[in-house]
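Good morning, colleagues. Please look at the sequence and the model as I speak.

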Amino acid sequence: MCIHCKWIGPHPNRSRSHSPGRLGTHLSTCHKYQATLRKSVIKHLVEQVHQPYIETEMTSQKLIEAVLNGAIHSNMSFRAATNPVWMSLLKQAFPNLHLPDRRALPRLLEQWAAAARADLKTRLLLNDSKISLALDGWTSSATNVSFQGTCSRC
Ligand SMILES: [Zn+2]
């Protein structure tokens, strides 16, 4: 789908050549896309004024999300991510916020997983082609790290 004019064309995998040629052809004739290429720097700056305000204030919810992201990124346990030393540091930085405990992180992760599961179900229901999914999970005996493998083919 063209994000500029919402034109919908066939997926490149539908043709034998798997070529995105139709999309390129559309973009060469899409008036809205062509207009974006001709915008001046001043016009871009003026449009940014009308973009929605982004909330930058730290909240308890944002703090929990940040700690969860840090734990996932560092592949550390929730107990390690919420150890007293880190929580003391966060309390000094954000004295008025509710700090996450080790139970808040899996609770939020379960909420994210449920939302992602619902989103995936919706996407699959909207899809009219055939999809093959192959899933596998295993745990390394040497490092005791769990892995999940996902392969999809349309
Ligand atoms: Zn278009």
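This is a predicted model. On its surface, Leu120, Leu124, Ile131, Leu133 and Leu135 make a nonpolar patch of about 450 Å². Two elements, helix α7 (104-126) and strand β1 (132-139), each contribute at least two residues to the patch.

I now turn to the interior. In general, nonpolar side chains tend to be buried together in soluble globular proteins. In this model, the largest nonpolar core has 13 residues. Those that touch the most other members are Leu63, Ile64, Val67, Ala81, Leu90, Leu99 and Leu105. Helices α4 (60-73), α6 (84-93) and α7 each provide at least two residues of this core. The largest share, five residues, is supplied by α4.

Which residues does Leu99 contact, once its neighbours within four places in sequence are left aside? They are Leu63, Met87, Leu90 and Lys91.

Finally, the cysteines. A disulfide is a covalent bond between the sulfur atoms of two cysteines. How many disulfides does a search of the whole structure find? The search finds zero. As for individual cysteines, Cys5 counts as partly exposed because its relative accessibility is 31%, whereas Cys30 is buried, with a relative accessible area of 3%.

Note on methods: Residues are numbered from 1 along each chain as its sequence is written. This is a predicted model: local features need pLDDT of at least 70, side-chain atom pairs count only at pLDDT 80 or more; totals for chains, interfaces and linings use all residues. Side-chain values use heavy atoms; hydrogens and water are left out. Patches are made of residues with over 30% relative accessible area and no salt bridge: like charges are joined within 9 Å, nonpolar side chains (Val, Leu, Ile, Met, Phe, Trp, Tyr) within 5 Å. Accessible areas come from the Shrake-Rupley method with a 1.4 Å probe; for residues, only the protein chains shown count as cover. A salt bridge is a side-chain nitrogen of Lys or Arg within 4 Å of a carboxyl oxygen of Asp or Glu. Helices (H or I, at least four residues) and strands (E, at least two) are DSSP runs, numbered from the N terminus. A disulfide is a pair of cysteine sulfur atoms within 2.5 Å. Buried means under 20% relative accessible area, exposed over 50%, partly exposed in between (1.4 Å probe, protein chains only). A nonpolar core is a set of buried Ala, Val, Leu, Ile, Met, Phe, Trp, Tyr and Cys residues joined through side-chain atoms within 4.5 Å. Contact means heavy atoms within 4.5 Å.
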